[in-house]
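Biologist: Please take a close look at one part of this model and tell me how it sits among its neighbours.

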Amino acid sequence: MSTPINMLARSAGRLVTRRVFTPTFRPTTSRAAFMTAQVVRSLEVIHETHIPVTGYSGGERIQECLQVMPEIMVPTVADHQSIARPLNPALIEHLTPTMAKFTLPGKIAVVTGGGRGLGLNMAQALTEVGISGVAILDVQQELGDKAARELSEQTGVDVRFYRVDVRDGNGVREAIQDVVDHYGRIDVLINAAGIADSNIKAETYDHEMFRRLLDINVTGSFLVAQAVGKHMIKLKTGGSIIFIASMSGSIVNYPQEQSCYNASKAAVIQMSKSLAAEWARHNIRVNSISPGYMDTALNRAPTLDAQKRIWVDNTPQKRLGAVDDLNNLAVYLASDGSAFMTGNDCLIDGGYTLW
Ligand SMILES: NC(=O)c1ccc[n+]([C@@H]2O[C@H](COP(=O)([O-])OP(=O)(O)OC[C@H]3O[C@@H](n4cnc5c(N)ncnc54)[C@H](O)[C@@H]3O)[C@@H](O)[C@H]2O)c1
């Protein structure tokens, strides 16, 4: 990191040329995490002056870009991940019409929060159904870079990683413009970037933390959908946008207090429905996935063990969701298999919301 490396420079609102810069490091201050609350290093929006982008083709790193020290927002642990396998293109023509609708040959996807967890697993699923290109947007450089490299190595798909904070409207717009410049189009967006605060009583909820969570989960999701939607409309390609909401948008979790997270996910569900109604005329479908409790790094704090027993006990299937349990639903929503579905919120929770 101490040697000058290539970077993409901003010009006239676009990522255009590569110059050589010496990266500067942002100082960070730490704050203790509690329960499922994220490790918060800064309450400020990160306004990038340059968006690092690293491309992989067939597992080969094809460019190096400026790496500004990321503001670590969540523990840099990765979930166990299975090895992605590419779809043999020769197989596609032998599929029945019904099965063929679940494939995405030649399509391009953007996945936010794809550095790990549910986002990464859904990105992996897309590469297994014939997609040509995936752009991962995540705030964590190391995780995003690793995710892109491994996905590309395993499947041969052209995967790019953009380190961008979804709250940064300019950064998001430039990253999405670069995705369109590189791949020519965007067909699928999975908006999975999000954070959770929990075990915080409403009467003592810190105002800045409250605003920050809404800014990431609601405003950030909107900014990415807006940037992608604009291109889908302009290019007249249509597309499928999938918001990762939560069952917390429909029920109140027990026993932990998490009013802000719950409100944020209710907003995500309603935003998804609103965009579905607005953009149906542009052939853009917008749906949300509302998972129940999932066994991701987000929920792996030892301090959550006692609560997790209650969560499992209150789930008819008596387990947490596996990190890849959303994959097939995501593929369905991304593909023509769900051509007549828009504005729907799909609960996938092991039955938790039944009781
Ligand atoms: N894990 C669960 O039990 C659960 C349940 C319901 C819904 N969800 C939702 O699913 C989504 C993914 O959850 P997960 O469990 O995989 O979490 P995770 O923490 O493992 O992954 C989230 C990813 O989003 C990234 N991210 C966070 N803030 C960002 C920002 N401002 N800009 C860009 N990237 C950012 C993180 O770096 C991380 O890679 C979240 O929206 C979460 O609210 C999770």
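Modeller: T127 counts as buried because its relative accessibility is 1%, where buried means under 20% relative accessible area with a 1.4 Å probe and protein chains only. This is a predicted model, in which local features need pLDDT of at least 70, side-chain atom pairs count only at pLDDT 80 or more, and totals for chains, interfaces and linings use all residues. Residues are numbered from 1 along each chain as its sequence is written, and side-chain values use heavy atoms, with hydrogens and water left out.

T127 belongs to helix α3, residues 117-127; helices are DSSP runs of H or I with at least four residues, numbered from the N terminus. Leaving aside residues up to four places away in sequence, T127 touches A84, R85, P86, L87, V134, L151, T155 and V157, contact being heavy atoms within 4.5 Å.

Helix α3 also meets helix α9, residues 327-334: their axes come within 9 Å and cross at roughly 60°. Axes here are lines fitted to C-alpha atoms over the stretch in contact, and angles run from 0 to 180 degrees between N-to-C directions. The two helices are therefore oblique to each other, the class left after under 35 degrees (roughly parallel), over 145 (roughly antiparallel) and 65 to 115 (roughly perpendicular). On the α3 side the contact uses N121, M122, A125 and L126, and on the α9 side N327, A330, V331 and A334. These residues divide into six nonpolar, two polar and no charged; Ala, Val, Leu, Ile, Met, Phe, Trp, Tyr, Cys and Pro count as nonpolar, Asp, Glu, Lys and Arg as charged, and the others, Gly among them, as polar.

How values were computed:
Buried < 20%, exposed > 50% of the residue type's maximum accessible area, 1.4 Å probe, protein only.
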